[in-house]
Amino acid sequence: MVIAANLGFPRIGAHRELKKAVEAYWKGQMRMTELEAVAADLRREHWTLQHRAGIKHIPSNDFSFYDQVLDTIALTGAVPDRYKFTGETVDLDTYFAMARGAQKDGLDVPAMEMVKWFDTNYHYIVPEFHAGQKFALKSLKAVEQFKEAKAQGLHTRPVIIGPVTFLLLGKMKDGKGDALDLLPALLPVYDQLLKKLAEAGADWVQIDEPCLVTDLSDKARAAYKTAYDALGKSSNKLHLLLATYFGGLEDNLDTALSL
């Protein structure tokens with residue numbers, strides 16, 4: 001039996017609805033509730049389109065207001081101090097401040113660095129780390145969007161950026177140590193998220209690790225082993241789908257197959 005699956009769906013909208021709505025929000029021409037309504041409409045439309053096309057494994061949490069690495073910064077609470085974030089969850093204005101900078105309400109901060117997403121013309125916000133970095137679950141977007149689809153009668157497969165790729169894409173801003181040294185502090189956040197997804201009814205979770213197609217050090221390969229030994233035990237209700245793209249596994253094939 002052939003089962004059709006999709007690793008992710010374009011979020012912008014057939015008529016660039018998301019781009020127009022986000023830009024209107026930035027200009028103060030649209031309220032946050034209106035922006036969120038446009039986003040919800042697009043998600044519903046895209047999930048429905050895939051369902052009608054016969055896709056069995058439909059992704060959720062592939063939607064983003066900016067980029068999915070920035071979503072992971074929010075997920076893990078890795079918000080640089082200059083943005084003065086102190087809340088329980090990363091709000092949309094803090095999220096956009098990291099992406100674009102902000103000059104309002106006593107805050108005058110630049111955006112975080114942006115670089116190209118592998119060999120594409122898309123970009124991502126570069127995570128900023130420092131020695132002793134603390135992580136905490138500060139966004140439940142993946143859980144919320146799984147539940148949102150579920151309420152529409154669609155059982156989806158949540159998608160998240162994997163912990164090793166997240167660290168490898170970031171930079172140690174204080175120049176001390178290696179971002180991979182932060183893995184033990186990061187993994188509990190992923191463990192919490194996977195447990196919450198399982199509690200919400202998810203049976204599959206897709207974890208994207210595109211850095212698996214790059215040249216990896218022995219330390220990075222060991223980090224993959226450590227990460228997936230741990231995440232594989234997060235919930236006996238979950239199947240994990242490890243996804244990668246942009247190239248072949250080549251020298252990392254044995255590493256990937258050992259996870």
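Below are my notes on the overall build, the sheet and a pair of helices.

**Ground rules.** I'm working with a predicted model, where local features need pLDDT of at least 70 and side-chain atom pairs count only at pLDDT 80 or more, while totals for chains, interfaces and linings use all residues. Residues are numbered from 1 along each chain as its sequence is written, and side-chain values use heavy atoms, with hydrogens and water left out.

**Overall build.** I found nine helices and ten strands in the chain. Both are DSSP runs numbered from the N terminus (helices are H or I, at least four residues; strands are E, at least two). The C-alpha atoms fill a box of roughly 50 × 50 × 35 Å along the principal axes. I also checked the radius of gyration (taken over C-alpha atoms; the globule rule is 2.2 Å times the number of residues to the power 0.38). The chain has 18 Å, which agrees with the value near 18 Å for a compact globule of 259 residues.

**The sheet.** Next I traced an open sheet of four strands, ordered E1-E7-E9-E10 with parallel pairing. Two strands pair if DSSP finds at least two bridges between them. On average, neighbouring strands are turned by 35° against each other, ignoring direction.

**E9 and E10.** I counted five bridges between E9 (residues 204–208) and the parallel E10 (residues 239–243). From E9 the chain passes through helix H8 (residues 218–231) to E10, a right-handed β-α-β crossover (with the strands pointing away from the viewer, the path from the first strand over the helix to the second runs clockwise). Ile207 has Leu242 as its bridge partner in E10, and Trp204 stands opposite His239.

**H1 and H2.** Last, I looked at helices H1 (residues 17–26) and H2 (residues 32–52), whose axes come within 10 Å and cross at roughly 170°. Axes are lines fitted to C-alpha atoms, for helices over the stretch in contact, and angles run from 0 to 180 degrees between N-to-C directions. H1 and H2 are therefore roughly antiparallel (angles over 145 degrees count as such).

Note on methods: Angles under 35 degrees count as roughly parallel, over 145 as roughly antiparallel, 65 to 115 as roughly perpendicular and the rest as oblique.
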